[in-house]
Amino acid sequence: MTLESEDDRRKQFFKMYVASEPSLHRFLKLLVHDVGLLEEVVQSVALRLWERFDSFDATRPFDAWARGVAVNVLNELRRSDRRFPRLLTEEGMQGLTAAYARQPFEGSEPTDQLQALRFCLKGLPDRVRELVVQRYCEAQSIEDVAMRSGKSLPATYKALGRALERLADCMHRRLALMAGEGKSAHA
């Protein structure tokens with residue numbers, strides 16, 4: 001590989017990583033509740049992404065690939081380091097990953113997204129909606145949400161993962177309906 005192509009490869013990686021980093025950080029924040037450990041995980045994931053960039057299939061979304069690598073890194077850390085407790089089952093982790101994999105927001109206007117989100121939130125059971133509101137609207141820590149709900153931390157992560165998956169599915173359907181009806185579907 002020439003020096004010039006290595007430089008191009010580096011630029012391509014950093015452009016893609018910088019664009020996806022906020023989403024990746026939010027995703028990892030759902031899986032790692034300790035802020036100090038979160039930054040360590042983010043750095044480990046960034047390094048692994050760079051090391052594995054040659055295996056990245058440019059025909060697929062970088063974000064999805066990065067989340068898959070992040071889950072693998074986190075699983076490795078949890079097996080080798082007790083500071084990284086397992087807060088989600090494999091099923092819960094897959095649910096969160098699946099929720100993030102859906103892109104219901106592409107091609108829709110922010111007002112449509114907000115309308116769809118409001119509609120879909122109304123469809124959640126009250127206790128689940130309250131968890132979502134506390135965590136994402138009120139920006140409470142996952143520990144506080146768990147304590148207020150009387151659930152264990154792993155149960156809270158699992159419930160939020162399932163809620164995010166349900167919201168993503170609902171929003172995808174709602175936005176498709178709105179687009180099909182010329183945005184005349186009202187919540």
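Residues are numbered from 1 along each chain as its sequence is written. In this predicted model, local features need pLDDT of at least 70 and side-chain atom pairs count only at pLDDT 80 or more, while totals for chains, interfaces and linings use all residues; side-chain values use heavy atoms, with hydrogens and water left out.

**Whole chain.** Of the 187 residues, 41% are buried (under 20% relative accessible area, with exposed over 50% and partly exposed in between; 1.4 Å probe, protein chains only). Among contacts (heavy atoms within 4.5 Å) with a separation of 6 or more, 66% join residues 24 or more positions apart.

**V69.** Next, select residues 62–80, helix α3, and pick out V69. V69 is buried at 10% relative accessible area. Leaving aside residues up to four places away in sequence, V69 touches R48 and L49.

**C120 and C170.** Then show these two cysteines, which form a disulfide with sulfur atoms 2.1 Å apart (the cut-off is within 2.5 Å). C120 sits in helix α5 (residues 110–122) and C170 in helix α8 (residues 153–180), so the pair ties together parts 50 residues apart in sequence. The S-S torsion is about -85°, so the disulfide is left-handed. C120 is buried at 3% relative accessible area, and C170 is buried at 14%. A search of the whole structure finds one disulfide.

How values were computed. Helices (H or I, at least four residues) and strands (E, at least two) are DSSP runs, numbered from the N terminus.
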